[in-house]
Amino acid sequence: MEIESLRSRQWFKLICGASYQHLPAIRHLAQIYTLAGADCIDMAPDPATIAAAREGIAAAMELDESVRSPLVMVSFNDGEDPHFRKAIFDPQLCPKDCPRPCEKVCPTSAIKFGSDYKGIMPSLCYGCGRCLSLCPVQIIHTREQVYIPEDIFDEVLNQKVDAIEIHTQPNRTQEFAAFWQRLSPIIPKLKLVAISFPDCENLHDYLLSLLEGMQPKPRSLIWQTDGRPMSGDIGDGATRAALQLGQKVLDFQLPIGFVQLAGGTNASTVPKLRQADIPVAGVAYGSYARKIVMDFLESRGEEIPDRLEEHPCLLWQAVAIAKQLVSQIKTPSP
């Protein structure tokens, strides 16, 4: 059924974040977007995150028997990648008179300067990097978030993970092929594999070289065009790069695979897609989709309940907000 959404160009994927591991928020997002009709939920490939997402999905399906389970996807990288990092700094090095622009710009409030905690809360940081250049004394750095693909083989075999996404970068053909071989024992078990990549020179040849390294072949394949990574919550203009890259890859007419947008996607993406008549198979939403829901839940000024199903009024208001985004791609174009 999920693959049919790709064929009908109505595919909606929620990106929880390859490095985002705030488990209560993961559960909330999975529950809310399952009820809103998401086809796939993408997350960090660690057991606790997967369990939190599956718990949210199960809670949604108990509330509404007509809701189908979205595919559970986990993300890996075949080398250094901005999606797989955390910001770090020593708060003791911060000047006392610092205006703390890092705290103001952080989209998840991961940077704290409170009486009980000072520094970056790792579970909330998803590596967007907006704080790096703003630090007046340049003490904020990043560390790589490393995941081992073999650690989730049992999750795939036990059908707790349905799909995998691989983030790659230009000129990493050999690294990609080597990483694919590490996944080869579970590739036939996966319902779907997505390849996420940015634009580059000779992109057509690069994507064809990636295809050559896909042995064994996946059952279904998505080319995820990462237009402007982790920027959808910045503003409507952030989606422009995603649209341009999506059209570019469609023009390649690759022998296999669906083309799906990501990187800078937000509420303006689908209207602009329809206006430009760009026939991609679907759209993945990350920071924007998370923000519109979490901002609502946090706007009450009260602690967010652990189990939203016990607070139906709050839950269904959040679902209505998520549905406004999901329905854009689910509504057939006129």
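Reader: Helices (H or I, at least four residues) and strands (E, at least two) are DSSP runs, numbered from the N terminus. In those terms, where does Pro229 lie?

Author: The model is a predicted one. In this model Pro229 sits in the loop that runs between strand S10 (221-226) and helix H8 (240-252).

Reader: Is Pro229 buried, exposed or partly exposed?

Author: Pro229 is partly exposed, because its relative accessibility is 34%.

Reader: Which residues does Pro229 touch?

Author: Setting aside residues up to four places away in sequence, Pro229 touches His83 and Gly263. As for Val74, 155 residues from Pro229 along the chain, the C-alpha atoms of the two are separated by 17 Å.

Reader: Staying with prolines, which peptide bond is cis?

Author: The bond from Gln215 to Pro216 is cis, and its omega is near 5 degrees. Pro216 belongs to the loop between helix H7 (203-212) and S10.

Reader: Turning to backbone angles, what is the phi of Arg9?

Author: Arg9 is not a glycine, yet its phi is positive, at about 60 degrees. The residue is in the loop between helix H1 (2-7) and strand S1 (11-15). With a relative accessible area of 46%, Arg9 is partly exposed.

Reader: And what about the phi of Arg100?

Author: Arg100, also not a glycine, has a positive phi of about 55 degrees. Its loop lies between strand S4 (85-88) and helix H4 (101-105). Arg100 is partly exposed, with a relative accessible area of 30%.

Reader: On to helix packing: at what angle do H2 and H10 pack?

Author: Helix H2 (residues 23-36) packs against helix H10 (residues 287-298) at an angle of about 105 degrees, and their axes are 11 Å apart. Angles of 65 to 115 degrees count as roughly perpendicular, so H2 is roughly perpendicular to H10.

Reader: Which residues make the contact?

Author: From H2, the contact involves Ala25, His28, Leu29, Ile32 and Tyr33. H10 contributes Ala289, Arg290, Ile292, Val293, Met294 and Leu297.

Reader: How do the residues of that contact divide into nonpolar, polar and charged?

Author: Nine are nonpolar, one is polar and one is charged.

Reader: Next, salt bridges. How many does the count come to?

Author: A salt bridge needs a side-chain nitrogen of Lys or Arg within 4 Å of a carboxyl oxygen of Asp or Glu. By this rule the model has 14 salt bridges.

Reader: Which residue forms a salt bridge with Glu55?

Author: Its partner is Arg27, with the closest N and O atoms 2.9 Å apart. Glu55 is part of helix H3 (residues 47-63) and Arg27 part of helix H2, so this pair ties together parts that are 28 residues apart in sequence. Arg27 is buried, with a relative accessible area of 7%, whereas Glu55 is partly exposed at 42% relative accessibility.

Reader: Which residues are linked with Arg27 and Glu55 in a network?

Author: Arg307, Glu309 and Glu310 are linked with Arg27 and Glu55 in a network of salt bridges.

Reader: What does Lys330 pair with?

Author: The side chain of Lys330 meets that of Asp39 in a salt bridge, at 2.5 Å from N to O. Lys330 is in helix H11 (residues 312-330) and Asp39 in the loop between H2 and strand S2 (40-43), so the pair ties together parts that are 291 residues apart in sequence. Asp39 is buried, with a relative accessible area of 0%; Lys330 is partly exposed at 23% relative accessibility.

Reader: What is Asp162 in contact with?

Author: Apart from neighbours within four places in sequence, Asp162 is in contact with Pro70, Leu71, Val72, Leu190, Lys191 and Leu192.

Note on methods: Residues are numbered from 1 along each chain as its sequence is written. This is a predicted model: local features need pLDDT of at least 70, side-chain atom pairs count only at pLDDT 80 or more; totals for chains, interfaces and linings use all residues. Side-chain values use heavy atoms; hydrogens and water are left out. Axes are lines fitted to C-alpha atoms, for helices over the stretch in contact, and angles run from 0 to 180 degrees between N-to-C directions. Angles under 35 degrees count as roughly parallel, over 145 as roughly antiparallel, 65 to 115 as roughly perpendicular and the rest as oblique. Contact means heavy atoms within 4.5 Å. Ala, Val, Leu, Ile, Met, Phe, Trp, Tyr, Cys and Pro count as nonpolar, Asp, Glu, Lys and Arg as charged, and the others, Gly among them, as polar. Buried means under 20% relative accessible area, exposed over 50%, partly exposed in between (1.4 Å probe, protein chains only).
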